[in-house]
Number of protein chains: 2
Amino acid sequence: MCELLGMSANVPTDICFSFTGFLHRGGGTGPHRDGWGIAFYEEGGYRDFRDPHPSVGSPIARLITDYPIKSNIVISHIRQANVGQVRLANTHPFVREMWGRPWCYAHNGQLDGWRGMPLSYYRPIGDTDSEHAFCWLLGELRSRFPERPTSDAERQGLWRLLHQLCERLRGLGVFNLLLADGDYLYTFCSTKLAHITRRAPFGRASLSDAELTVNFAEHTTTRDIVSVIATEPLTDNEAWERMAPGELLVWRDGVIQARIGQRAA
Amino acid sequence: MCELLGMSANVPTDICFSFTGFLHRGGGTGPHRDGWGIAFYEEGGYRDFRDPHPSVGSPIARLITDYPIKSNIVISHIRQANVGQVRLANTHPFVREMWGRPWCYAHNGQLDGWRGMPLSYYRPIGDTDSEHAFCWLLGELRSRFPERPTSDAERQGLWRLLHQLCERLRGLGVFNLLLADGDYLYTFCSTKLAHITRRAPFGRASLSDAELTVNFAEHTTTRDIVSVIATEPLTDNEAWERMAPGELLVWRDGVIQARIGQRAA
């Protein structure tokens, strides 16, 4: 199994603290030695850093922890390979452009019968179930929404379709998902995803996986809202909320915009 | 104007030496302070590093010069903005997936009337003439070749079409191009591109832009073939060949596979 880490914030925020704990799971406290990646949205632009080597000991991972990149949305993934070789082409997150937006995707889990999912606009570059599912999912969204939704009603239609597609993938196995388009972060829970929203008054947090404590009050203003989503809670002194299986959350600026699925039903 | 750097090699090769000289032009010996990027193809995978800040002083650029990433194809770009703001979304190289391949593109020059070029499968994320031209060009290739060419005849048809599209873009202004799909590197000259092929017996080379000399014989085997392409020669003690305006070269494994255009005519 892999590990997922996501962030949605209303101000450009660096993820160094959370990422420091997270990357320790990549061959440190965790068994996920088969590559890692992290993607940042910055002012409408996108970049990712991916490495097919363990994150512990990776000079690129060290750069990310030392060089604060400020971003509104982050998606990160540490891989333990089950389908597809350990190589760069199979390293999450994956990205494709739709409607002039970079869509970024990372998946935790394993799917059966994924080779049968029909592809249209997008084709996988590597040979994982995860990337195939991404290409299928984005192709389905694009077929139904050739242009970017502009009204609230259209957006809610898009989100409902996304939830249906996620449910179909959950039917094939385990499908925990982080997906983003630069404005919205989408998180879908199949078996495990937990989240926490930090806002004023900010307190201290200490990592579960590494000896590090941060006092967020020293790094924030009273208007900041920063939400972190991960397969397992990253801190041991805060109350993380666990998502329900089958639940899709739509995040923007650190705040949940929509809940679709089990809990809402 | 921007600067371009490309490499095609028959063995995974690090570009640290050439990149060291090249990045000095990014705010050091050159005026190109508006961002830089470098893309690597590794074992069928792709990754790029992009920064909207000057390459001189960039911790990410320093990482690239210190951490040898071995690759068969490299494309790098240093930007001096003329169209589009200085921001990540406008930072080359650009990438899109076609036929399950990551296509990477960097452009030197400026185009007129580019907003009129019709788009189909691909849309720009930023607002530069360069990325718009890329989306147009790739969309035209995909319209004519919905599937990846498999025969020599089809491939040559693709290359001739690529040359025609480059010539149309050259008609709109200045269009020096580096383009790659993981197997082939395509270089098109509008005003300036020069190349050099290094093979056994390897000698010494010294950079024009920084005080650094390398003895390639210490880093290579007798079967290695490594070609470097740049807007301006990077070394001052080797004989670089300048491309002719309107000429397209198709490179694979460090060797020119096809020449299309002026010189061949």
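Reply: The largest cavity has a volume of about 530 Å³. The model is a predicted one, in which local features need pLDDT of at least 70 and side-chain atom pairs count only at pLDDT 80 or more, while totals for chains, interfaces and linings use all residues. Residues are numbered from 1 along each chain as its sequence is written, chains are lettered from A and ligands numbered from 1 in the order in which they are written, and side-chain values use heavy atoms, with hydrogens and water left out.

Me: What is a cavity here, and how many cavities of 30 Å³ or more does the rule count?

Reply: Rolling a probe the size of a water molecule over the atoms shows where empty space is left. On a 1 Å grid over the protein atoms alone, a cavity is a set of points where a 1.4 Å probe fits but cannot get out, and its lining residues have an atom within 4 Å of a point; grid points are joined across faces, edges and corners, and a volume is the space filled by probe spheres set on the points. The count by this rule is four.

Me: Which residues lie nearest the centre of the largest cavity, and which strand gives the most to its lining?

Reply: Of the 30 lining residues, A:Y46, A:V95, B:Y46, B:D48 and B:V95 lie nearest the centre. Strands are DSSP runs (E, at least two residues) and helices likewise (H or I, at least four), numbered from the N terminus; strand 3 of chain B gives the most to this lining, with five residues. By class (Ala, Val, Leu, Ile, Met, Phe, Trp, Tyr, Cys and Pro nonpolar; Asp, Glu, Lys and Arg charged; the others, Gly among them, polar), the lining has 15 nonpolar, four polar and eleven charged residues.

Me: What lines the second largest cavity?

Reply: The second largest cavity, with a volume of about 80 Å³, is lined by residues of both chains, including A:R96, A:E97, B:R96 and B:E97. Its lining divides into four nonpolar, no polar and six charged residues.

Me: How many residues of each chain are in contact, and how much area do the chains bury between them?

Reply: Taking contact as heavy atoms within 4.5 Å, 34 residues of chain B are in contact with 34 residues of chain A. Buried area is the accessible area (1.4 Å probe) that two parts lose on being put together, summed over both, and here it is about 2700 Å², 53% of it on carbon and sulfur atoms.

Me: How many salt bridges does the rule find across this interface?

Reply: A salt bridge is a side-chain nitrogen of Lys or Arg within 4 Å of a carboxyl oxygen of Asp or Glu, and the rule finds six across the interface of chain B and chain A. B:R96 forms a salt bridge with A:E97, with 3.0 Å between the closest N and O atoms.

Me: Which peptide bonds are cis, and where is phi positive in a residue other than glycine?

Reply: Most residues other than glycine have a negative phi, and most peptide bonds are trans. A cis bond joins A:H92 and A:P93, with omega about -10 degrees, and A:P93 is in the loop between strand 4 (71–78) and strand 5 of chain A. Another cis bond joins B:A200 and B:P201, with omega about -5 degrees. A:E43 has a positive phi, near 50 degrees, and is placed in the loop between strand 2 (36–42) and strand 3 of chain A.

Note on methods:
On a 1 Å grid over the protein atoms alone, a cavity is a set of points where a 1.4 Å probe fits but cannot get out, and a pocket is an open set with protein on both sides within 12 Å along at least five of seven lines; lining residues have an atom within 4 Å of a point.
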